[in-house]
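Please have a look at the chain on the screen before I start to talk about it.

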Amino acid sequence: MALQLSQSQGQAQAQAAPTPRRRGLLRYIAMVILALIVLVGIAVLIIWLVLKPKRLEYTLEDASIHNFNLTDANHLYANFDFTIRAYNPNTRVSIYYDSVEMSVVYEDQTLATSAVSPFFQGHRNVTRLHPRLAAQTVALYGPVKKDLGLERASGDIELDLWVKARIRFKNSEARV
């Protein structure tokens, strides 16, 4: 009986092991996938070397708050004006800004949001954006009203400006 068990175990192991033909097919598929990965990597490297992309530069040049009113009912009324400088240092890449949304945030609470019209920025171009964000009847939660009032009394209010943009790149010929 022990002899029969060992024979049946050997047959089960022989059936579970892949056949040489199947191993060859798996190797072929793995080689094709590896070759595709290498070809895509080489194509990306060549495109990168041709375009030589540089990081876009954004600078907040000016910021001001007008008509600031903090009511006793924990509501904020204010107009936030910004001047943002967007610079595209690339010589062969232009940018389409399909949508740009800006938000003014104070201590993780959004005070105002606004959208900027879509625009095109050519290569080696400086574009200045002048968004005006309005806070109308914004309810302030927790200690935000107290902290905002203290910072206003000191004359400096530290705010965060969040910019979210959907962009597309266009390859353009460099002119010398």
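I will go through the fold, the core, the salt bridges and then the surface patches.

A word on the source: this is a predicted model, in which local features need pLDDT of at least 70 and side-chain atom pairs count only at pLDDT 80 or more, while totals for chains, interfaces and linings use all residues. Residues are numbered from 1 along each chain as its sequence is written, and side-chain values use heavy atoms, with hydrogens and water left out.

To begin with the fold, the protein has three helices and eight strands, where helices (H or I, at least four residues) and strands (E, at least two) are DSSP runs numbered from the N terminus. Starting at the N terminus, the order of elements is α-α-β-β-β-β-β-β-β-α-β. Of the 176 residues, 26% are buried; here buried means under 20% relative accessible area, exposed means over 50%, and partly exposed is in between, with a 1.4 Å probe and protein chains only.

What, then, makes up the largest nonpolar core? By a nonpolar core I mean a set of buried Ala, Val, Leu, Ile, Met, Phe, Trp, Tyr and Cys residues joined through side-chain atoms within 4.5 Å. The largest one has 25 residues, and those with the most contacts inside it are Leu76, Phe80, Met102, Leu111, Leu133 and Leu140. Two or more residues each come from β1 (57-70), β2 (75-88), β3, β4, β7 (132-139) and α3 (144-154), and β3 gives the most, with six residues.

Turning to salt bridges, the rule is a side-chain nitrogen of Lys or Arg within 4 Å of a carboxyl oxygen of Asp or Glu, and by this rule the count comes to three. Arg128 pairs with Glu61, with the closest N and O atoms 2.9 Å apart, and this pair links distant parts of the chain, since Arg128 is in strand β6 (residues 125-129) and Glu61 in strand β1, 67 residues apart. A second bridge joins Asp81 and Arg132 at 3.6 Å, N to O; because Asp81 lies in strand β2 and Arg132 in strand β7, the pair ties together parts that are 51 residues apart in sequence. Asp81 is buried, at 17% relative accessible area, whereas Arg132 is partly exposed at 47%. In the remaining bridge, between Arg168 and Asp98, the closest N and O atoms are 2.9 Å apart; Arg168 lies in strand β8 (residues 160-171) and Asp98 in strand β3, so this pair ties together parts that are 70 residues apart in sequence.

Finally, the surface patches, which are made of residues with over 30% relative accessible area and no salt bridge, like charges being joined within 9 Å and nonpolar side chains (Val, Leu, Ile, Met, Phe, Trp, Tyr) within 5 Å. Leu25, Tyr28, Ile29, Val32, Ile33, Leu36, Ile37 and Leu39 form a nonpolar patch with about 810 Å² of accessible area together, the areas coming from the Shrake-Rupley method with a 1.4 Å probe. Within it, Val32 belongs to helix α2 (residues 20-51) and is partly exposed, at 35%. Glu107, Asp108, Glu158 and Asp160 gather in a patch of negative charge; Asp108, in the loop between β3 (93-106) and β4 (109-116), is exposed at 75%.

How values were computed: Lys, Arg positive; Asp, Glu negative; His and termini not counted. Charge placed at Lys NZ, Arg CZ, Asp CG, Glu CD.
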